[in-house]
Structure formats: structure tokens, C-alpha cells
Amino acid sequence: FTLRGRNFQVGAQVKVGGITAICTDVIIAEEYDMIRCLAPQAAQDPRIVPNVTVTLSNPDGQVATLVGGFTYLPPPPTIFSLSPPTGPTTGGMTTTIRGANFFASDGRIPEIIFGSTIAETVTFISSEEIAVVVPLCPACASDTTVDVLAINPDGQFSVFEDFFIET
């Protein structure tokens with residue numbers, strides 16, 4: 001990430017959420033000063049505390065603070081498999097989605113979409129498993145495949161391509 005501002009000094013240190021960032025040299029320019037940094041690993045789960053304070057400390061003691069100035073994103077969900085990997089166009093069958101980084105937040109669970117149809121019955125089991133009742137697929141022809149999309153409450157998503165729907 002890059003910080004831009006005024007009155008940065010060579011040797012300035014940057015902290016993100018209280019943890020020191022690794023930064024390159026300060027660039028002093030006419031319009032603004034700049035320092036590029038590598039964000040440290042989040043101290044807390046970004047699903048719980050995504051926004052953290054950024055602090056720049058100059059060698060002469062001047063300090064600039066931007067509350068909530070950096071946002072950590074949790075890793076996106078990943079779908080590894082569906083079991084069983086097939087389902088009828090009439091829907092109604094439960095399939096288990098296995099993967100990583102699924103999460104529920106404030107009573108919201110991942111949304112699951114088969115093709116363009118949102119599944120109405122979704123059970124969040126863990127960060128690695130979701131049970132879902134396959135929805136009716138009236139537009140599906142025999143031997144049709146559809147993509148399955150898992151969308152976490154933070155909007156990040158994963159696509160499992162070519163879930164097979166049989167008649």
C-alpha cells in the first residue's frame with residue numbers, strides 16, 4: 001500500500017493496527033510525499049476487525065494518525081468439491097459443499113447459487129462445509145451443467161464450474 005501526505009521525513013516508521021510495516025524510502029515531491037509499505041499480517045481476524053489505524057512517525061517525533069485507514073480483507077471462499085456432484089433438475093436433493101474460508105457474520109450465512117437460481121435452504125456447518133438443498137432448475141435441459149457460486153457475507157465469492165444436473 002502507499003501512503004501519501006505532507007511533511008514525511010526520511011526514516012519515518014509506519015504502523016498498521018499497531019504492527020510495524022516494512023516500508024521503502026520516503027519520496028519527497030512537490031505535490032505530496034509518499035512512502036510505500038508492505039502491510040503486516042493482521043493482528044486480529046479481519047472478519048471481526050477489518051479496519052485498523054495507520055500511524056506514521058517521523059524521526060523528529062511528529063506523528064500522523066489515520067483511524068480506520070487500512071482495511072484487511074479475509075481470504076475469499078474456495079469450493080473444493082460438491083458431494084454428491086450431481087442432482088436432478090427437479091431439485092430437492094441435499095448436496096454438501098466442501099471448501100475453505102466460508103463464514104457467517106451477524107446472522108448472515110453464505111449465499112449459494114446454482115446457475116442463476118439462488119438456493120433457498122442453506123445450512124452453514126463450518127468454515128469448510130455447507131449443506132444446501134439443490135434448487136429447481138426449470139431452464140436446465142438433460143445433461144446440463146451449471147456453475148455453483150458461494151458468496152460470503154463480505155461479498156467475496158468462489159465458483160465451482162460445471163456442477164452436473166441430471167434429469
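An open sheet of four strands is built in the order E8-E10-E14-E13, with antiparallel pairing. Strands (E) are DSSP runs of at least two residues, numbered from the N terminus. Two strands count as paired if DSSP finds at least two bridges between them. The edges of the sheet are E8 and strand E13 (122-126), each of which pairs on one side only. On average, neighbouring strands of this sheet are turned by 25° against each other, direction ignored. Such angles are taken between axes, which are lines fitted to C-alpha atoms, and run from 0 to 180 degrees between N-to-C directions.

The model is predicted: local features need pLDDT of at least 70, side-chain atom pairs count only at pLDDT 80 or more, and totals for chains, interfaces and linings use all residues. Residues are numbered from 1 along each chain as its sequence is written, and side-chain values use heavy atoms, with hydrogens and water left out.

Two pairings within the sheet were examined. E8 and E10 run antiparallel and are joined by five bridges. Leu82 has Ile97 of E10 as its bridge partner. E13 and E14 are also antiparallel, over four bridges. Here Thr123 is partnered by Ala131 of E14. Two residues separate E13 from E14, and the two strands form a hairpin.

The largest nonpolar core has 16 residues. A nonpolar core is a set of buried Ala, Val, Leu, Ile, Met, Phe, Trp, Tyr and Cys residues joined through side-chain atoms within 4.5 Å. Buried means under 20% relative accessible area, exposed means over 50%, and partly exposed lies in between (1.4 Å probe, protein chains only). The residues with the most contacts inside this core are Leu82, Ile97, Ile112, Phe114, Val132, Val148 and Phe163. Two or more core residues come from each of strand E8 (78-83), strand E11 (111-114), strand E14 (129-133), strand E15 (144-151) and strand E16 (157-166). E15 gives the largest share, three residues. Contacts were listed for Val148, counting heavy atoms within 4.5 Å. Beyond its neighbours within four places in sequence, Val148 is in contact with Ile79, Leu82, Ile97, Ile112, Ile113, Phe114, Ser158, Val159, Phe160 and Phe163. Another core, of 14 residues, lies apart from the largest one and includes Leu3, Ala12, Val16 and Val26.

Thr95 sits in strand E10 (residues 94-100). Thr95 is buried, at 0% relative accessibility. Its side chain reaches the backbone oxygen of Pro84 at 2.9 Å. Leaving aside neighbours within four places in sequence, the contacts of Thr95 are Leu82, Ser83, Pro84, Phe114, Ile130, Ala131, Val132, Val134 and Phe163. The peptide bond from Ser83 to Pro84 is cis, with omega near 0°. Pro84 belongs to the loop between E8 and strand E9 (86-88).

A search of the whole structure finds one salt bridge. The criterion is a side-chain nitrogen of Lys or Arg within 4 Å of a carboxyl oxygen of Asp or Glu. Arg6 pairs with Asp33, and the closest N and O atoms are 3.9 Å apart. Arg6 lies in the loop between strand E1 (2-5) and strand E2 (13-16), and Asp33 lies in strand E5 (residues 33-38), so the pair ties together parts that are 27 residues apart in sequence. Arg6 is partly exposed, at 48% relative accessibility. Asp33 is buried, at 3%.

The loop between E1 and E2 also holds Asn7 and Phe8. Asn7 is exposed, at 54% relative accessibility. Its phi is positive, about 65°, although Asn7 is not a glycine. Phe8 is buried, with a relative accessible area of 11%. Not counting residues up to four places away in sequence, Phe8 touches Leu3, Val26, Ile28, Asp33, Met34, Ile35, Leu56 and Asn58. The C-alpha atoms of Phe8 and Gly87 are separated by 60 Å, and the two residues are 79 residues apart along the chain.

A positive phi, near 65°, is also found at Asn101, a residue other than glycine. Asn101 lies in the loop between E10 and E11. Asn101 is partly exposed, with a relative accessible area of 25%.

Conventions
Polar contact = N/O pair within 3.5 Å; in protein donor to acceptor, adjacent residues only side chain to side chain.
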